[in-house]
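Here is a short briefing on one protein model. Take a look at the structure, then read on topic by topic.

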Amino acid sequence: MALVSSTTRGPGANSSSASAPWLRVDDHGVDVLMIVAALACIGAVVRALFFTPADAMLGAVQKIFYIHVPAAVVGLYIACGLLAVSSIMYLWIKDDRIDRLAESSAEVGLVFMGVVLTTGPIWGRSSWGTWWAWEARLTSTLFLWLLVLAYLVLRGAVESQESRARLSAVMGSLAALLVPFIHLTVTLFRGMHPEPVVLAPEKPKLPIEMLTTFGFSTVAFLLLFVALLRMRYRWATMRDARAALESA
Amino acid sequence: MTRSHRAPRFLTDAWQVARKDLLIEFRTRSAFLAASVFAVLAVVIFRFTWDPTGIPAFELAPGVLWVIFTFAGLLGLNRSFALEQQDRAFDALLASQMSRESIFAGKVMANLVFVAAVQALALPAVVLFFDLSVGPDWWAVVVIILLASVGLSAVGTLFAAIASNTRLAELLLPMMTLPFFVPLVIPAAQASALIMRGQPIGDGLAWLKVLVAFDLVFVSACVVAFPFTIEE
Amino acid sequence: MLADDRSPGTGHPRHSAHEASVRAAVRAPLLEATALVRRFGGRAAVDEVRLTLRSGECLALFGPNGAGKTTLLRMLGGLLKPSSGTVSLDGHTLPGEGATRRLIGLISHHTMLYGALTARENIRFAAECQGVLDVEGETTRVLSHLRLPDRADTLVRALSRGLQQRVSIARALVHRPRLVLLDEPYTGLDEVGASALTQALRDALHDGAAVVLITHHLHEGLALATHTAIMLNGRFAHTEQAGANGIDVTAYQRQYRSLVSEGAE
């Protein structure tokens, strides 16, 4: 019988060390994308407030939709979509970068969904008289928000990085399966208990100014999402790199 | 190889695991007692804070029932993996010839029996305390409860496996599972309310479909996901 | 050639480690690990370990805490996937199918028992899990080998630590594994327990099993070993094969101490 062990091999290349150019932290610490995104958002808000006519029927409060809807589009479809896809992908290809993407999408998505959950009731209060009316979409958003929060609490509760990535990927994948069921359940529930009439901002005949403001607002929020996502991802990369160094 | 062993068999192995879990729970009875006490307390509190002239019994009872089932179920779920961790008994299970899937199925079965035992206690208590009239369609309520319990056990067991790897298992388990219970509890409560109100079962068909669909999708998904929750 | 006293079944024939390894030399490798690496974060807990073990051979693995012994053992038992390299048992790569896993018996300083069940119930359960056909017969066999029959129907949590460890050993051996992996099994064992364990391992080796034994008890380890290794920082720093008279404990102790203090610098 032979028992042999060969000479040392150097530490393997960290999956995060060779990062793409658009992910590298600028030496001067200036995040251009973030500045552009912030300006775009401010521009969108200004445009919505001062340069877009108020809706004849609903009044000035309707303008909250210029924040509410883009936040929903970005927070629900894009952030949660990214979270779901990267969770499933991680289980298939165990790449740490995918895990960091999931983590970042979850946190940034939580913020955007939070915006949806605060702007929704503000609108609801002014038009229905109640802060919360268990409207289908808003209720679904609330459940999703709680789900993503639980996901982040899970991540915080697991010690080892490898376990954390794996376990949260399982939860994320199952959450992806859950979303259609939540939507179905809430819609069915609402079908039995007719809700106050909600004005759907995607009315077929929106005046041009409103449409462009919506478009502008959506693009601005999208830029903000990408900027925040990238910032959060970089932070996660640096944190993991430091943790790896400390444990070596 | 000598013929002194048999090959691993899914149902046999799962049953062995389930039997072991149930035997342990039967010996210690701690989780079942906690769940029963909770159930009785909940029924009493709901009963005495309820104004019979305001809301009819069959409007309140399903909600009460499902609050009890859900939280009592959670009490049992935690211990499902806690008992494996005490002396690393889980390592022995994993190193054995049994498949991961059969281990999971066994634990789900044990949790299902646990939940059913609590339900067998809580359901008569609710019927009694709330003076519900047991109509000819009572079997439908039992079927609904069973369907929802299957989904509850499968999802709950999987998340119990995940939570057992964390520091905050008792807090984390409810946080993770309650959103998943929504498509189970709402349809089950709505459908039960329907039947208690005296409406024909056909009216609740949509809810039943959601329950069945959830069970099919999530029982398979959890069986597939379980091996990923184990350290490798 | 050495006299072969393979008397059927009764009593506990004593065989020297050397005799077992001579007999084993003609057999194909039972356990093979090639270029085994396991990383946690940036650190390699096991760094390029290679080993081969034939049936009847016993590898005693020594080393300071944190050297990677437990990690290596878990990989050999299929509980942990290597970052790179392979482990194969009886020709099958680990982690493998159920039939491969059944070949393994795992013992550690954790008892892997259920406190609310009796010793007998625990062993029976282990036998069922491993697909043993004659559950009662095998359970009785290991209970008597580990000198436990009078405590067999006591709840495990009511047993002393040493007795619990014995039950754990019985649990691991009830299905007659071909590879026995032990991680500090002598912890908490009294004289009776330790000799029962040593005898059980000798019997297993005689029946053709291979054993990997991690222990701090040099005497017990060297008494059983056909091969030894000292593990430092994830690598085998020193390996030795037992001669005809086994390994001299004092000399080995000196060797061990100097290596470990060297490695610490």
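This is a predicted model: local features need pLDDT of at least 70, side-chain atom pairs count only at pLDDT 80 or more; totals for chains, interfaces and linings use all residues.

**The interface**

- Chain B brings 31 residues to the contact and chain C brings 30 residues; contact means heavy atoms within 4.5 Å.
- The rule finds two salt bridges across this interface. A salt bridge is a side-chain nitrogen of Lys or Arg within 4 Å of a carboxyl oxygen of Asp or Glu.
- B:Arg27 forms a salt bridge with C:Glu121, and their closest N and O atoms are 2.6 Å apart.
- On the side of chain B that touches chain C, helix H1 (10-28), helix H3 (57-85) and helix H4 (89-95) of chain B each give two or more residues. Helices (H or I, at least four residues) and strands (E, at least two) are DSSP runs, numbered from the N terminus.
- H1(B) supplies the largest share of that side, seven residues.

**Chain C**

- Chain C has nine helices and 10 strands.
- Of its 265 residues, 59% are buried. Buried means under 20% relative accessible area, exposed over 50%, and partly exposed in between (1.4 Å probe, protein chains only).

**Backbone exceptions in chain C**

- Most residues other than glycine have a negative phi, and most peptide bonds are trans.
- The peptide bond from C:Leu94 to C:Pro95 is cis, with omega near -15 degrees. C:Pro95 sits in the loop between strand E5 (92-93) and helix H3 (98-101) of chain C.
- C:Asp90 is not a glycine, yet its phi is positive, about 55 degrees. C:Asp90 lies in the loop between strand E4 (84-89) and E5 of chain C.
- C:Glu184 also has a positive phi, near 55 degrees. Its place is in the loop between strand E7 (179-183) and helix H7 (191-206) of chain C.
- Is each of these two residues buried or partly exposed? C:Asp90 is partly exposed, at 34% relative accessibility. C:Glu184 is buried, at 15%.

**How to read the model**

- Residues are numbered from 1 along each chain as its sequence is written, and chains are lettered from A and ligands numbered from 1 in the order in which they are written.
- Local features need pLDDT of at least 70, side-chain atom pairs count only at pLDDT 80 or more, and totals for chains, interfaces and linings use all residues, while side-chain values use heavy atoms, with hydrogens and water left out.
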